[in-house]
Amino acid sequence: VAKREGGARIRVFRREMGERLLARQRDKADLRVAVDEGQLVLHYQPIVDLATSAVTGFEALVRWQRPGHGLLGPGAFIDLAEETGLIVPLGNRVLVGACEQAVRWHTQGRMLGVTVNVSTRQLSSASFLTSLDRALATTGLPPARLTLEVTESVWADESAMKALMEVRGTGVRVALDDFGTGYSSLSYLQRYPFDVVKIDKSFTWALGDTARTAGVVRCIIDLAEVLGAHTVAEGIETPAQAAWLRDAGCAFAQGYLFGRPDLPDKWPA
Ligand code: C2E
Ligand code: MG
Ligand code: MG
Ligand code: MG
């Protein structure tokens, strides 16, 4: 009896493995189609100056309008894109789309910056710098209006770091995203220049918890200043969080308090 049950269990297990593998193949094929056929949609979230509440720019955040599945957030497909290498064409679509949108704002007289998330895997691909140059050249966006967001995982990837240094040489700005949650070491931070530190939303949300958290956030803001970078706090949901961060010297912020990511027509002048 035990043997027979064991055999049945193995069959169920095999079937589940097979189904999972098939689903993954399907997702991968669908994602490729999505990149090729324009199912990717960019939403934009305002970045505000905490002193004046003025919008200074927008972060582009990708979504996938997947037939039969609705509008998917990046959490549902970025990992797969990275594993399959599709992040390279996907990231390039995002880059070009965001540069085009920024130029559209400029022609309306709104001199806003645009911020684009770039995966470490994308950054270390051989074509990255060429794609970046081409995106800037074809859209005409001044490099200083573009900021690339990278996560602290870049420190662990030598070719990504090399590309990043060349990026800064072109005048495009670099932001460290989700700061404080990853692999930063003080030795990397003082060795490699970058322009913006984005304070992760987990810190913003924990601000009221303990004096310890508040102290750590104050240190991040001071550290950024010492390194010549400015700070953007993420995930601001309450006026109290905004006030605290402004008083602590944080210059910029993003969060549902100021606006959720949405289509560009949601953000008229
Ligand atoms: P991120 O770069 O840290 O982006 C901020 C995320 O926090 C966004 O989620 C945004 O919608 C969300 N957010 C902003 N303000 C608030 C707030 O006040 N409260 C809460 N609860 N959430 C807030 P989203 O759009 O789901 O993106 C998740 C992550 O996916 C991004 O984190 C980024 O790492 C990645 N991602 C998005 N677009 C791209 C892309 O084009 N390429 C790559 N490689 N990654 C992307
Ligand atoms: Mg980001
Ligand atoms: Mg990010
Ligand atoms: Mg972040």
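The model is predicted, so local features need pLDDT of at least 70 and side-chain atom pairs count only at pLDDT 80 or more, while totals for chains, interfaces and linings use all residues. Residues are numbered from 1 along each chain as its sequence is written, chains are lettered from A and ligands numbered from 1 in the order in which they are written, and side-chain values use heavy atoms, with hydrogens and water left out.

The protein contains 10 helices and 9 strands; helices (H or I, at least four residues) and strands (E, at least two) are DSSP runs, numbered from the N terminus. Its C-alpha atoms fill a box of roughly 70 × 50 × 40 Å along the principal axes. Of the 269 residues, 44% count as buried, where buried denotes under 20% relative accessible area, exposed over 50% and partly exposed in between (1.4 Å probe, protein chains only).

The shell around ligand 1 comprises 23 residues, of which Arg63, Asn117, Asp177, Glu237 and Tyr256 come nearest; a residue is near a molecule if one of its heavy atoms lies within 4 Å of it. Strand E2 (55–66), helix H3 (87–107), strand E6 and helix H8 (201–206) each supply at least two residues of this shell, and E2 gives the most, with 4 residues. Polar contacts are pairs of N or O atoms within 3.5 Å; within protein, one must be able to donate a hydrogen and the other to accept it, and residues adjacent in sequence count only if both atoms are side-chain atoms. A nitrogen atom of ligand 1 is 2.5 Å from an N or O atom in the side chain of Glu237, and an oxygen atom of ligand 1 is 2.7 Å from a polar side-chain atom of Asp177. At the backbone, a polar atom of Val62 lies 3.2 Å from a nitrogen atom of ligand 1. Taken alone, ligand 1 exposes 800 Å², and the protein buries 82% of that; accessible areas come from the Shrake-Rupley method with a 1.4 Å probe, and for residues only the protein chains shown count as cover.

The magnesium ion (ligand 2) has Glu59 (OE), Asn117 (OD1), Glu149 (OE) and Asp177 (OD) as protein donors, at 1.8 to 2.7 Å. Along the chain, these donors follow the spacing E-x57-N-x31-E-x27-D. Glu59 lies in strand E2 and Asn117 in strand E4, so the pair ties together parts that are 58 residues apart in sequence. Glu59 is buried, at 4% relative accessibility, whereas Asn117 is partly exposed, with a relative accessible area of 31%.

The protein donors of the magnesium ion (ligand 3) are Asn117 (OD1) and Asp177 (OD), lying 1.9 to 2.3 Å from the ion. Strand E4 (residues 113–117) holds Asn117 and strand E6 (residues 173–179) holds Asp177, so this pair joins parts that are 60 residues apart in sequence. Asn117 bridges ligand 2 and ligand 3, which lie 3.1 Å apart. Asp177 is buried, with a relative accessible area of 7%.

Asp178 lies in strand E6 and Glu234 in the loop between strand E8 (230–233) and helix H10 (239–247), so the pair ties together parts that are 56 residues apart in sequence. Asp177 coordinates both ligand 4 and the magnesium ion (ligand 2), and the two ions are 4.2 Å apart. Glu234 is buried, with a relative accessible area of 9%, while Asp178 is partly exposed at 25%.

Asp178 has a positive phi of about 50° although it is not a glycine. Ser53, likewise not a glycine, has a positive phi of about 65° and is found in the loop between strand E1 (40–49) and E2.

Key: Donors = N, O, S within 2.8 Å, 3.2 Å for Na, K, Ca; no water.
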